[in-house]
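Here are my notes on this one, as numbered points. Have the viewer open while you go through them.

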Amino acid sequence: MSDLFYEKITTDNLSHPLLQEKEIEVSVLRIDQIHPVISGNKWFKLKYYSEDAVKNNFKTIATFGGTYSNHIVATAAASNLLGLKSIGIIRGERAAQLSHTLQEALSFGMQLFFISREDYAEKKLPPEIDIQKTYLISEGGYGVLGAKGASEILKQTDVSPYTHICCACGTTTMMAGLVTGSLPHQQVIGFSVMKNNFDLEPSLEKLLQENNNHNYQIVHDYHFGGYAKHKPSLFSFMNDLYSKTGLPTDFVYTGKMLFGLFDKIEKNEFAPGSKVLAIHSGGLQGNASLASGTLIF
Ligand SMILES: *Cc1c(COP(=O)(O)O)cnc(C)c1O
């Protein structure tokens, strides 16, 4: 895919009383702003898969996801842009009223198949799909080509001054790219958005292969009950962060990551003088599923 949208990426230096008090710098790499739909890391993760599909003459891309999957809609939009057909294999029954995410995927011409949770667990393809002619991307874009694309996230700014790089983790594909692209003096910290998903460490290591002499860790303490689960304390943090810094976050990924980062700074887990680069990986459209008034932005 072209690098069409990359010029828009900015780095926001957060001004916040806690950061002043603890003498920590936090900058946010706004890859959420690169495209209204193929938001944030999804663009980077899809880049080499779609290139591979085109190179090998596939006309159709298929991938897997849930009803609210950012990856599904990003794949639909990216395929549409490239003139490829797209298929979304969706977990569970078709709801009478499709989610906003799936409606958007349909608007990009994606064909949707709904399969049972059992079949989904086995990644069973619906019989209508011609495996010979369809380029398959795994759920969440997990895989080496996804990580390769994500490693380019750190090429969007001069990352050398930073001591730490923080991101939210779903499949660890983005984190693998960040670890690969990080410098020897940097630590990459991934905040898991799922409850006790300790499969993440082996998943990450598999993508890193010979590259895992880097300094990184996955933190499991800020899941707020599990994937897409939330608590009032998460929303008050997100609102407070927005009112102090102007930074909007999403409740599934970046809100949890920044909550975790600020909590660790509060607990003096970062030495004074640390410079942190936090990746705003996108997902803001997911906030539309919250009751109105929950968030002030
Ligand atoms: C999908 C997504 C992630 C998770 O990325 P992985 O590569 O699956 O770990 C993080 N943030 C946002 C906003 C996402 O949409």
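Predicted model: local features only at pLDDT ≥ 70, side-chain atom pairs only at ≥ 80, totals over all residues.

**Notes on the model**

1. Let's start with the pocket lining: the residues around the largest pocket split into 19 nonpolar, 23 polar and eight charged. Here Ala, Val, Leu, Ile, Met, Phe, Trp, Tyr, Cys and Pro count as nonpolar, Asp, Glu, Lys and Arg as charged, and the others, Gly among them, as polar.

2. Ground rules before going on. Residues are numbered from 1 along each chain as its sequence is written, and side-chain values use heavy atoms, with hydrogens and water left out.

3. Back to that pocket. The largest pocket has a volume of about 1,200 Å³, and of the 50 residues lining the largest pocket, S69, N70, G170, Y227 and Y253 are the closest to its centre. Elements giving two or more residues to this lining are α2, β3, α3, α4 (100–107), β7 (164–169), α7 (173–181) and α8 (200–208). Of these, α3 gives the most, with four residues. On method: a 1 Å grid is laid over the protein atoms alone; a pocket is an open set of points with protein on both sides within 12 Å along at least five of seven lines, a cavity is a set where a 1.4 Å probe fits but cannot get out, and lining residues have an atom within 4 Å of a point. Grid points are joined across faces, edges and corners, and a volume is the space filled by probe spheres set on the points.

4. Overall build: the protein chain has ten helices and ten strands, taken as DSSP runs numbered from the N terminus (helices H or I, at least four residues; strands E, at least two). The radius of gyration of the protein chain is 19 Å, close to the 19 Å that the globule rule gives for 297 residues, so the chain is as compact as a globular protein of that length. That radius is taken over C-alpha atoms, and the rule is 2.2 Å times the number of residues to the power 0.38. Along its principal axes the C-alpha trace spans about 60 × 45 × 35 Å.

5. Inside it, β3 (residues 60–65) and β4 (residues 85–91) pair in the parallel sense over six bridges, and A62 stands opposite I87 in β4. Contact means heavy atoms within 4.5 Å; axes are lines fitted to C-alpha atoms, for helices over the stretch in contact, and angles run from 0 to 180 degrees between N-to-C directions.

6. Another open sheet has six strands, ordered β1-β2-β10-β7-β8-β9, with mixed pairing. Its edges are β1 (11–13) and β9 (215–219), each with a single partner strand, so one side of each is left without a neighbour in the sheet. β8 (residues 187–192) and β9 pair in the parallel sense over five bridges, and α8 lies across β7, β8 and β9, at about 150° to β9.

Conventions. Pairing = 2+ DSSP bridges.
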